[in-house]
Every structure is written in C-alpha cells, then in structure tokens.
Amino acid sequence: MQDRLFPEAEAPPVAPLPAPAPSAVAAPRARLRQVRPAPWPAELAELAARLPERLHLGTSSWSFPGWDGLVWEGEYTESMLARRGLATYARHPLMRAVSLDRAFYQPLTVAQYAGYAEQVPPDFRFVVKAPSVVADALVRREDGQGMRANTGFLDPGLAWSAFVEPALQGLGARAGALVFQLSPLAPAMLARMPHWIDRLLSMLAALPPLAQLRAQAPDLVIAVEVRNAEWLTPAFAEALRAGGATYCLGGHAKLPPIAEQLPVLRALWPGPMVCRWNLNRLHGAYGYEDAKALYLPFDKLVDPDLETREALARVARATTAAGHHAYLTIGNKAEGSAPLSVEAMARLLAQP
C-alpha cells in the first residue's frame, strides 16, 4: 500500500444590504437579496456521486465575481459574494469544503465561525488557517514586510484561545482541518530548525488530545503547513506524530513539488490527507501577483498542472480507501480557475 500511495520521485449573518441608489434600482429585488446559483450541468451531480464519501474538495475562499457561470449566475461584487455567496457556493455539487483564508489575517470570533457554519449543509467541511498572531514568526506591515519578531509565534495559549477553541465552538461538526500555516522563516531562524521543531511540538502537545476535540468535530484534523523546505525532515514528521497532527501538503512554489513532499506524509501513514494547492510552480516563489494578473477573472484554466493533479489524486484515492478523510482545497492561482480545477480533480478521482 505504501508503495502505491507514495511513488518515489504538494459570515456571520449580516444585516440587510442598504437600499440601492436610484441608478441601481433596475436590478430585481431578488437579485439584491441573494446570490443565484449557476445552472450547473446535471452531470456534475452524477460526478459528485461517484466520489469517495470521505473526500472533501473545494476552493480557497469564494468571493470571486469571475466565477459567474461556474458557481453563480449574474454579476456580483466581491463584497456581496464575501457576505452572501457561501450558501450558494456550498450548493455546488462538487464543493464539499472551503478554505477560510481570511482567518489568517485576524482571529475570527465564535459568532463569525458559527455564521459560516449556518450557511452550509451538514456534510460540508471547513479548512481553516490559523491566525498570524500564532502562525507567523514576524509581525508584518501591510505590504508583508517583516518588522519585528512575533512573540506569539507557536505560543500554546494563543493556539488554543485565538484559533482552535473558537473554531471548534463556532463550526462544530463542520470543522474539517485546522491548519497552522507557518509563514516563511528568516535565514537566521532557519539555522535553528531543531529549536523551532521543539517549539512546534510543545504547541501541539499543549492542545487537548485529538480524540477529545473530535467529540465536537468528528472529522477534525490538526495539520501543519510550511513555507520552507528546511522543515521537511524526519524530526519534523516525528514532531507532528507526537503532537497528534498531520502534514498539510503545500502546493506552492516555495516548496518542492508535491511528489517530493510525500516522504513526510509517508512517515505519518496511515492517516488523513490535507492539501492546500495555492500557486502554480511556473510563477516562482513570489509569483502571486504575476499569476493573478495572468489568470483574472479566474474563469478558465490557463496553466493545467497535470503532474500535480496526478500526484494528489494518488494520495487522495489511497487515503479515502484506507478509511481516512482527504481535504483538498485549490486556489485560482494554481491553474487559473479554482472551480474548474476542482472539476478536473473530481473527474480524475472518479475514474475507476
């Protein structure tokens, strides 16, 4: 089984919208109250029915106007979709998960998490990023430039109070994967990797046991994603195992290809799969803005990455076949359009 799995070689409820200006009154009132779903082909429901029950596919966030015709029907602003689009997104036959990326920038409250959970069906799961107050080694300016060391980095108390506890209380059984996505470490920090691995283990070990957390969220996974290849060592894998966590495969150009990250997951087998596929390697480690400029409005596949799809499909198949959950969320900058990437992955995974 291991050889096949790892071939050698990554709103809360909102107040009603204000009355439209006279120039906007031409739109029907129903258009202002809700986001209409796209007329999805019947074959998508048939495709969804052939997917493994424990597979949760989805995208990174959902507030993209360019998904008109793919997820919703009509022209909506990003703000409108951020507030009211989730319920429509969750009706899409293939969308059984979403990554709450906004949680990284500021801790969310129990009420905010609960507001999201109320908008999705019982079998929908959230992949949530830990807030930067605990997951980033640096305090940063708005442009991302580091200013000073973050004293809360990997702090066990913050990990619980600012992230795990409110997420579990708010999302309940709809909590899927809680991901500590650790931002890039400075060179001086990379020279002290044993220290940071110990700090990571101390944080994970201070959380309540996973079995206890699953009393609230039966499908819960605690995962760690990194942005430096220096983390990817046997000692890191052992710290994850000892701390009751798994490795989140990172589909990002700062890391080796997915196939080269699999030894970490192999060391944790058998267990769940978590992957956040965010950026096509074509654009390099700092290519987010280049990818965004090239792929907007995110309505078509521009750079299909068949190698990454195949690698992820192999792991997802083996993971779900072994009775574990697989959480895979995909961003627009992976191939050009996250909904179309999800559909492509679904077709690959539904093959006999």
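**Loops, cores and a helix pair**

Phenylalanine 298 is found in the loop between helix 14 and helix 15, where helices (H or I, at least four residues) and strands (E, at least two) are DSSP runs numbered from the N terminus. This is a predicted model, in which local features need pLDDT of at least 70 and side-chain atom pairs count only at pLDDT 80 or more, while totals for chains, interfaces and linings use all residues. Residues are numbered from 1 along each chain as its sequence is written, and side-chain values use heavy atoms, with hydrogens and water left out.

Backbone in the loops
- Phenylalanine 298 has a positive phi of about 65° although it is not a glycine, and this residue is buried, with a relative accessible area of 4% (buried means under 20% relative accessible area, exposed over 50%, partly exposed in between, with a 1.4 Å probe and protein chains only).
- The peptide bond from leucine 296 to proline 297 is cis, with omega near 5°, and proline 297 is found in the loop between helix 14 (288-295) and helix 15 (306-321).

Helix packing
- Helix 12 (residues 234-242) and helix 13 (residues 258-268) pack at an angle of about 40°, with their axes 9 Å apart; axes are lines fitted to C-alpha atoms, for helices over the stretch in contact, and angles run from 0 to 180 degrees between N-to-C directions.
- In this pair, Phe236, Ala237, Leu240 and Arg241 in helix 12 meet Val264, Ala267 and Leu268 in helix 13, contact meaning heavy atoms within 4.5 Å.

Nonpolar core
- The largest nonpolar core has 103 residues, such a core being a set of buried Ala, Val, Leu, Ile, Met, Phe, Trp, Tyr and Cys residues joined through side-chain atoms within 4.5 Å.
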